[in-house]
Amino acid sequence: MPSSLTCPEEAELLAVAAGEEASNELRMHLAGCPLCRERLGRLAADIAMLKQVSPGGFA
Amino acid sequence: MSSTNTQLSVIDGVCRQDAQRWREFDAIYRPILRAFLRNRGLRDSEASDVIQDVFVKLLGKIDTYDRTKCRFRTWLFTIAQRTLIDHARRRASHDKALQGWAAQMLKPSPSDSAKVEQEWTVIHRAKILKHALRVVRAQVSSRAWACFEHRLLKDRPAADIARDVKIEPNAVYVNACRVLKLVRSVCDEFDEDMSHAFESDMSRGS
């Protein structure tokens, strides 16, 4: 059961996927919410794919 | 999230033989097929001939494509691969010998087939994603694009980007997120999923 019933906005998860430190509240939510863990994993995969296709930026 | 709700996707447009959508399809898929065929060992002129054959077959079969059964990418791969094998057969027949490249094309092992399809997938995904990036960059504000590109592609700190474009650091992620959704949406139009690698990992239970 997630510690907070409200799932975070996508932008908040994107920040974590991009390497920002998650707040304690978000960390606790993620620990109890498989859906948000999946959303986070998907965002991390998206970022990895973007970097792979356009390393160093998009010319 | 997908723009396919409001806009006819390129693939749907081709299915309905929409001329404008066909031109877009040609512009996207001709380079994908050429890259794939060149990787399979064809000379550029041979690749051009095979691409024409693929497009002729595709136009003849497009109304049989059922997106509930498979991805368009997989369906097109099947057509491209069969056309390539037909080409190999013609070449083998002409040479009166099945050896070297032609033999390999005609007698692929299961691991070869998997490797070839993986190669196709990588080319397809990269080309579609690059196309999506071009399309979305033309649609969004320079500020939103800067947030997306500098944070997610160039890995610059959000605080630096926020200072440059004069917004709050959190807004960098809001902008980047909006652009990312648009990129995903364009990829969706081509039945391509940016997070495919993640899905594969999930399906393997890792």
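Is K57(B) buried, partly exposed or exposed? K57(B) is partly exposed, with a relative accessible area of 25%, where buried means under 20%, exposed over 50% and partly exposed in between (1.4 Å probe, protein chains only).

1. Basis. This is a predicted model, in which local features need pLDDT of at least 70 and side-chain atom pairs count only at pLDDT 80 or more, while totals for chains, interfaces and linings use all residues. Residues are numbered from 1 along each chain as its sequence is written, chains are lettered from A and ligands numbered from 1 in the order in which they are written, and side-chain values use heavy atoms, with hydrogens and water left out.

2. Chain B. Chain B has ten helices and zero strands; helices (H or I, at least four residues) and strands (E, at least two) are DSSP runs, numbered from the N terminus. Of its 206 residues, 45% count as buried. Among contacts in chain B with a separation of 6 or more, 62% come from residues 24 or more positions apart, a contact being heavy atoms within 4.5 Å.

3. Core. The largest nonpolar core holds 80 residues, and F72(B), F148(B) and V183(B) have the most contacts inside it. Such a core is a set of buried Ala, Val, Leu, Ile, Met, Phe, Trp, Tyr and Cys residues joined through side-chain atoms within 4.5 Å. Leaving aside residues up to four places away in sequence, V183(B) touches L129(B), A132(B), L133(B), V136(B), F148(B) and M194(B).

4. Salt bridges within chain B. D53(B) and R90(B) form one at 3.3 Å, N to O. This pair links helix α3 (residues 44-61) to helix α4 (residues 72-95) of chain B, 37 residues apart. D53(B) is partly exposed at 28% relative accessible area, and R90(B) is partly exposed at 46%. D86(B) and K57(B) form another, with the closest N and O atoms 2.7 Å apart. D86(B) lies in helix α4 and K57(B) in helix α3 of chain B, so this pair ties together parts 29 residues apart in sequence. D86(B) is partly exposed, with a relative accessible area of 27%.

5. Interface. In all, 23 residues of chain A are in contact with 29 residues of chain B. The buried area between the two chains is about 2400 Å², with 69% given by carbon and sulfur atoms; buried area is the accessible area (1.4 Å probe) that two parts lose on being put together, summed over both. There are four salt bridges between chain A and chain B. On the side of chain A that touches chain B, α1 (10-17) and α3 (34-53) of chain A each supply at least two residues. The most comes from α3(A), with eleven residues.

6. R184(B). R184(B) forms a salt bridge with D46(A) at 2.6 Å, N to O. The pair crosses between chains, from helix α9 (residues 169-189) of chain B to helix α3 of chain A. Both ends are buried: R184(B) has a relative accessible area of 10%, and D46(A) is at 0%. R184(B) also forms a salt bridge with E10(A), the closest N and O atoms being 3.6 Å apart.

How values were computed
A salt bridge is a side-chain nitrogen of Lys or Arg within 4 Å of a carboxyl oxygen of Asp or Glu.
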